[in-house]
Amino acid sequence: MPQESAVYTHGHHESVLRSHTWRTAANSAGYLLDSLRPHMQVLDIGCGPGTITADLAALVPDGQVTGLEYAPGVLDQARATAAGRGITNVRFAVGDVHALDYPDDTFCVVHAHQVLQHVGDPVQALREMRRVTKPGGIVAVRDSDYSAMTWYPEVEGMTDWQQLYLRVARANGGEPDAGRRLHAWARQAGCDPSAITATAGTWLYHTPEERSWWSELWADRTVSSSYARIAVDGGHATAGELARIARAWREWGAQEDGWFAVLHGEILCRV
């Protein structure tokens, strides 16, 4: 059976979870929400700490949501997230998107947020997502596009961060510019092109609070997360270079005119 071959670039360091726990269905799955119905069975792939998963469960109160993770360690936090909100129609499991352990035609919606950029075979992942989706159901995917991220003002070191991240993510077997490729991958996975709706969405960090939060988590991630270790061990950067990039993030975050936009590709595939 196919299995994961890529290395997850970010890991689950606190600086990473600081970002992941900010995510909600509203700010990260808005393109999907109008398609949800109260009775639906939903599979949320790459659920991480479970904030989007719990939101989806609240939106399908007569249905069930399954949160799936490749890395089991974060699922305790996901379970705590759901329990803390009193969400009972949710369960969590460990699994690999390349070989889902579910029968054909199991779910009404199969959702993945920021997942396909990190997997070794995104087309196979989409084939599996499509396989376990019921006829008439939806495969919903959203991924960022690192080359399309843009910011102002240009602070020395920020472009170095972007280029370094692209190198590290690709060396790990992923595709950091996944957002622009989702519709093409879905077609290659056998989705009917006429049944694919492609959209784009953004996150924007501009206010002083947003700039501080975004710049600090990336500064910390650059020197303290799995990404930092992989970058050094893989010969992509030295510890000193990572420290310089972290300082650039903090310098950008202190700019009164600072503005950072993250572009995402989004697809809804009707099965």
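This is a predicted model: local features need pLDDT of at least 70, side-chain atom pairs count only at pLDDT 80 or more; totals for chains, interfaces and linings use all residues.
Start at helix 10, which covers residues 226-233. Its N-terminal end has a cap, and the capping residue is Ser 225. A side-chain oxygen of Ser 225 sits 3.2 Å from the backbone nitrogen of Tyr 227. After the helix comes Gly 235. The phi of Gly 235 is positive, near 75°.

Now look at which side of helix 10 is covered. Its buried residues are Tyr 227, Ala 228, Ile 230 and Ala 231. These residues span an arc of only 165° around the axis, so they fall on the same side of helix 10. What lies over them? The cover includes helix 7, helix 9 (208-224) and helix 11 (239-253).

Take helix 7 next. This helix runs through residues 158-171. Helix 7 and helix 10 pack at an angle of about 80°, and their axes are 10 Å apart. Angles of 65 to 115 degrees count as roughly perpendicular, so helix 7 is roughly perpendicular to helix 10. On the helix 7 side, the contact is made by Trp 161, Leu 164, Tyr 165 and Val 168. Helix 10 brings Tyr 227, Ile 230 and Ala 231. By class, this contact has seven nonpolar residues, no polar ones and no charged ones.

Helix 9 meets helix 10 in another way. The two axes come within 5 Å and cross at roughly 45°. Helix 9 and helix 10 are therefore oblique to each other. Helix 9 supplies Arg 221, Thr 222, Val 223 and Ser 224 to the contact. Helix 10 supplies Ser 226, Tyr 227 and Ala 228.

Beyond residues up to four places away in sequence, Val 223 touches Ala 228, Leu 242, Ala 243 and Ala 246. Gly 240 is 17 residues from Val 223 in sequence. In space, their C-alpha atoms are 9.4 Å apart.

Arg 211 is also found in helix 9. Is Arg 211 buried or exposed? Arg 211 counts as buried, because its relative accessibility is 7% and the cut-off for buried is under 20%. Leaving out residues up to four places away, Arg 211 touches Tyr 205, His 206, Trp 252, Gly 253, Gln 255, Glu 256 and Gly 258. With His 206 there is a polar contact: a polar atom of the Arg 211 side chain lies 2.8 Å from the backbone oxygen of His 206. Arg 211 and Trp 249 stand 38 residues apart along the chain. Their C-alpha atoms are separated by 9.6 Å.

Two stops remain, earlier in the chain. Ser 35 has its place in the loop between helix 3 (30-33) and strand 1 (41-45). Ser 35 is buried, with a relative accessible area of 17%. Neighbours within four places in sequence aside, Ser 35 is in contact with Met 40, Ile 138 and Leu 268.

The buried ones are Thr 51, Ile 52, Thr 53, Ala 54, Asp 55, Leu 56 and Ala 57.

Conventions:
Residues are numbered from 1 along each chain as its sequence is written. Side-chain values use heavy atoms; hydrogens and water are left out. Axes are lines fitted to C-alpha atoms, for helices over the stretch in contact, and angles run from 0 to 180 degrees between N-to-C directions. Helices (H or I, at least four residues) and strands (E, at least two) are DSSP runs, numbered from the N terminus. Angles under 35 degrees count as roughly parallel, over 145 as roughly antiparallel, 65 to 115 as roughly perpendicular and the rest as oblique. Contact means heavy atoms within 4.5 Å. Ala, Val, Leu, Ile, Met, Phe, Trp, Tyr, Cys and Pro count as nonpolar, Asp, Glu, Lys and Arg as charged, and the others, Gly among them, as polar. Buried means under 20% relative accessible area, exposed over 50%, partly exposed in between (1.4 Å probe, protein chains only). The arc is that of the directions from the helix axis to the C-beta atoms. A polar contact is a pair of N or O atoms within 3.5 Å; within protein, one must be able to donate a hydrogen and the other to accept it, and residues adjacent in sequence count only if both atoms are side-chain atoms.
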